[in-house]
Amino acid sequence: MGKFQEDAKKLLKDVGGKENIAAVSHCATRMRFVLNDPSKADTTAIEKIPSVKGTFTNAGQFQVIIGNEVPQFYNEFSAISGLEGVSKEQGKAAAKQNLNPVQRAISVLAEIFTPLIPALVIGGLILGFRNVLEGIPFGFLDGQKIVEVSQFWSGVNSFLWLIGEAIFQFLPVGITWSITKKMGTTQILGIVLGITLVSPQLLNAYSVASTAAADIPFWDFGFAQVNMIGYQAQVIPAMLAGFLLAYLEIFFRKVIPQAVSMIFVPLFALVPTVIAAHVILGPIGWTIGSWISDIVNAGLTSSLNWLFGAVFGFMYAPLVITGLHHMTNAIDLQLIADFQSTNLWPMIALSNIAQGSAVLAVVFMHRGNKEEEQVSIPAMISCYLGVTEPAMFGINLKYIYPFVAGMIGSACAGLFSTLFDVKAISIGVGGLPGILSIVPQYYVPFLGAMLIAVVVPFILTYIFRTKGIFNKLDPVDEATGKLFVEEN
């Protein structure tokens, strides 16, 4: 008998049986189900299965957290159920039957930015390290910066910009590639399109504001002139152009005979898209992006910025649950493109810390619950390193009160952060390492905000539990019949 055979049988029964499963797949730690009728899934029973660490529903998929042994569990589940698995992408496609139009739009946005996250994370770390090298005067160096006293570190700093520039200034290439990948069209055309938006032939987007209108280069077609302006680090122009390219390719593949499609489909898809990108979509996208960043920046720099920070801090964790948090990546990147910094990213990092601190309180109060610690301790560490989903879905939402405590702690930290106008130079790793992305002059207030994000959720989680506020049933020590929060 396989290690997970009994648990797999139980899971099959509790999700509503084989006939209720439209598709099943797995990722690194979770079983992913698309259910014909999600209401038939008995989540209470499922979460009592020994192998299951938690459950949640996201993007139309019912997901069961198994852990690192999910491949073995999946194989035994498939053998018992007789169901052939589908790829993760096919699972997502099937899941869209359970999404409304708004959720589908959010899902698309998430699928565009998710493949870019590894590059954005390493880019954020690099820019954060360069912050330390070139942005901080050290007392033990007589008030000088590291790059000013060390030729080696000056060379390292210069070299690292090669990678940082490739990630952030050439971001449109990644976006247009990701869109073609998501849409199932020709990815190399997406890459070429992205390069045409950031080509060295064009005036760099960062130089437009300081260049006189008469000095901006242009293409002269006789009857019209088109400015040769690049879209370095611009998000919305790249997205508009990427989707136009994808839809044009899909259209022309339907109408052009297959015998000549290799020649004419790329030609009729790419060339009009590049023209439209520089004549129409680019300027429109730049304007929309500027409006969005201006509105957000106005909220963050107004006399009510403390309220904005508190509300954003409070709401960010719920945004993660719904998937709406992926929109903040685009806003962050647009703020960086327009203002060379962002006030949102510090609050995102603080929200990660706050949810992790709520889990820390649960670990403390439920000490002795070895079964739960298999989920809670790794989830807490993950949270402090910027990945909150295991903590929120595995622990905080399970008991409710830690989640609420984390939201309140995040709101307090966000309020503090915005009052001191804390800014990040880039987005990157969240949680505790998020400090590397902070502009050096704001290190001290950000450390204060981090302390708030640790202390407030921990204390509130303890108070909510002991006072019975927001709490669902806590685990009981079967040997004594007492809650783990009590002395045994």
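A crossing of two helices is called left-handed if the near helix is turned anticlockwise from the far one by less than a right angle, and right-handed if clockwise. The model shown in these views is predicted, so that local features need pLDDT of at least 70 and side-chain atom pairs count only at pLDDT 80 or more, while totals for chains, interfaces and linings use all residues. Residues are numbered from 1 along each chain as its sequence is written, and side-chain values use heavy atoms, with hydrogens and water left out.

**View A. Crossing of helices α1 and α3.** The crossing of α1 and α3 is right-handed. The axes (lines fitted to C-alpha atoms over the stretch in contact, with angles from 0 to 180 degrees between N-to-C directions) of α1 (residues 5-14) and α3 (residues 70-81) come within 9 Å and cross at roughly 60°. Helices here are DSSP runs of H or I with at least four residues, numbered from the N terminus. Contact (heavy atoms within 4.5 Å) involves Gln 5, Asp 7, Ala 8, Lys 9, Leu 11 and Leu 12 of α1, and Phe 73, Glu 76, Phe 77, Ile 80 and Ser 81 of α3.

View B. Ser 417, which lies in helix α18 (residues 401-419), is buried at a relative accessible area of 1%, where buried means under 20%, exposed over 50% and partly exposed in between (1.4 Å probe, protein chains only). Leaving aside residues up to four places away in sequence, Ser 417 touches Pro 346, Met 347, Leu 350, Val 422 and Ala 449.

**View C. Cys 383 and Cys 412.** Cys 383 is buried, at 0% relative accessibility, whereas Cys 412 is partly exposed, at 33%.

Technical notes
Helix = DSSP H or I, 4+ residues; strand = E, 2+ residues; numbered from the N terminus.
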